[in-house]
Amino acid sequence: MSAAATRRLTTAQALVRFLAAQYTERDGVRRRLIAGTWGIFGHGNVAGLGQALVEYREAMPYHQGRNEQAMVHAAVGHARHLNRLSAQAVTTSIGPGATNLVTGAALATINRLPVLLLPGDYFASHAADPLLQQLEHPVEADVSVNDALRPVSRYFDRITRPEALLASALNAVRVLSDPAETGAVTLALPQDVQAQAYDWPEEFFADRVWRVRRPAPDPAELAEAVRAIRAAARPLIVAGGGVHHSEAEAALKALVDATGIPVASTQAGKGALRHDHPADLGGIGHTGTAVSDALARTADLVIGVGTRYSDFTTASGTLFQHPGVRFLNLNITAFDAHKLAAATLVCDARSGLAALTDALVGYRVDAAYQTEHRTGKARWEEAVEGAFRAEDDSAVPTQTQVLGALDTVVGDEDVVINAAGSLPGDLHKLWRARSPRQYHLEYGYSCMGYEIPAALGVQQAAPDTPVWALVGDGTYLMNPTEIVTAVQENLPVKLVLVQNHGYASIGGLSESVGAERFGTDYRHRVADGSFTGAPLPVDLAANAASLGMDVLRAKTVRELREALSTARAATRPTCVYVETAPAGAALPAEAWWDVPVAEVSAREAAAQARAAYERAVADRRRHL
């Protein structure tokens, strides 16, 4: 009997060949699992993975990044837009390149989004020890900086021998393609092992398909869920990101059309129903709409679909105030399904929603309840129109009028990306999502600097789609470097750069908790040590232009609309720069958010904020 066929390759070469042969399949549609690799090369990966990516560049597309954290953000944006059915890898050197991955890994895992991290590591043989950038631990010689990635990874391994990759690579792909367990996956690669050769079995490189399951609901859980819904007089659905990941939007609409149950959405779930559907109430929680939060306070059954119930969504435990409120959670992850002491339906969102629709034949909410939420929706739409409207087209726009101008320009297919600052609150309350993939808010980690690189990942996933990154000045200064990559790869992303001279969101929060906006303005320091002088002479538009973007400056509402229209048609990376008029929140928060206030203080602002805090926290409930 002849020996099994083998192929002699280095560990890095074998890994690239293996990744190029992995596929996901759901509902009969097959996608490449690892669509490409982002990389910045240094001495920890240039001779291993760098050489392998050159050798197999036709099999594995390579994208050159400028910042390691940003590369992860780009990969996450790509995975989210493709409903987690395709991912990208990120490779870095040992040292600061590797530790720069930690923030991106946390973002991916918190948001349940797949990304494969391939940082370089020390010599497994310790032949060169300590090498450049190596962390030396006095009592744990096997520790490296990559161990900082363990708590933010869903799977972690250090490949200390070539043959160890055989099992670990399969485990890594298993987690990346698992709809319940996915997140950041880290394979730390010692640089000597990357270059070592091994006789790999040929079957390791064969095409492999990972079927993304749609588990059906348990019959007993389904029966209990149906009883709970039929017994409810004021049910409310809270749609989370799991609706999108499962591509369950049509199934949600079918359930809502059949039963009349209204739908509020989390940041990740917005767009689960089109904005003009009669049952779509918009965002929920601290940044929610008036109609959503009003119904949430009186709901007797809250049906969570694909949500992990973040603190914002629940208004820090103060939102759901009906004395007998109960929860029913449909989620593919049991960990999330059990939150708020809920009855559970652990299954795929699309499968579960379809099963509920079939089992609820004949059930419909009371007509008066429908009239109530439709009337509230109409009132809220009037408020949105007021926030978007500019009475004078020659005036400097407010931030909400910037969103209003963009609203008039985008089409159903456009994607709007944001993550941090005051824009997420305005978008959650005001944005009118026209399609399931249009509203792209990263609010699990709310990471400043996510928007621009994520736009690159989305543009790669959807090359013919207009992709907008909405960025404030504070966020822009965190991470503008991937503009260069957009120019290099001719990715025609559209950047809306809003200049308001500081951290506007945290400035407002600071004022509300008695910290008096200290340290939140981008202004010159004055005699008392505060930053309340003239705005800094910083030209962010010129900076974007220096990195290769086409830049359009808009000073008025009219100029803004014109610039946005021009940007949408552009075939190059284009920035629309606008300085906004100072204005308070156009539509204030409809629910509370727990930010603890100093219990004692000699300053009156803090004392007053503490008194307000104690009044609000008294409404918190523990749902048991």
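These notebook entries record what I looked up in a predicted model.

**Entry 1. Ground rules.** I worked with a predicted model, in which local features need pLDDT of at least 70 and side-chain atom pairs count only at pLDDT 80 or more, while totals for chains, interfaces and linings use all residues. Residues are numbered from 1 along each chain as its sequence is written, and side-chain values use heavy atoms, with hydrogens and water left out.

**Entry 2. Cysteines.** How many disulfides does the structure hold? I found 0 disulfides, a disulfide being a pair of cysteine sulfur atoms within 2.5 Å. For C575, the closest cysteine sulfur belongs to C447 and is 20 Å away, which is too far for a bond.

**Entry 3. Cavities.** I noted that rolling a probe the size of a water molecule over the atoms shows where empty space is left. On a 1 Å grid over the protein atoms alone, a cavity is a set of points where a 1.4 Å probe fits but cannot get out; a pocket is an open set with protein on both sides within 12 Å along at least five of seven lines; lining residues have an atom within 4 Å of a point. Grid points are joined across faces, edges and corners, and a volume is the space filled by probe spheres set on the points.

The largest cavity holds about 160 Å³. Its lining has 20 residues, and K270, D280, G282, E381 and W431 are the closest to its centre. Which element gives the most to this lining? Helix α14 does, with 4 residues; α14 (367-388), β14 (280-283) and α16 (423-430) each supply at least two. Helices (H or I, at least four residues) and strands (E, at least two) are DSSP runs, numbered from the N terminus. The lining divides into 8 nonpolar, 5 polar and 7 charged residues. Here Ala, Val, Leu, Ile, Met, Phe, Trp, Tyr, Cys and Pro count as nonpolar, Asp, Glu, Lys and Arg as charged, and the others, Gly among them, as polar.

The second largest cavity has about 60 Å³, and its lining includes R26, H245 and D178.

**Entry 4. A pocket.** The volume of the second largest pocket is about 210 Å³. Among its lining residues are Y309, D311, R620, R621 and R622, and the lining divides into 3 nonpolar, 5 polar and 4 charged.

**Entry 5. Aromatic rings.** I counted 10 aromatic pairs in the whole structure. Rings of Phe, Tyr and Trp (its six-membered ring) pair if their centres lie within 6.5 Å; planes under 30 degrees apart count as stacked, over 60 as edge-to-face and the rest as tilted. F18 and F204 are stacked, at 4.6 Å centre to centre and 15° between the planes. This pair links distant parts of the chain, with F18 in helix α1 and F204 in the loop between β10 and β11, 186 residues apart. Both F18 and F204 are buried. F41 and Y62 have ring centres 5.3 Å apart and planes at 20°, so this pair is stacked. F41 is partly exposed, at 33%, and Y62 is partly exposed, at 29%.

Key. Buried < 20%, exposed > 50% of the residue type's maximum accessible area, 1.4 Å probe, protein only.
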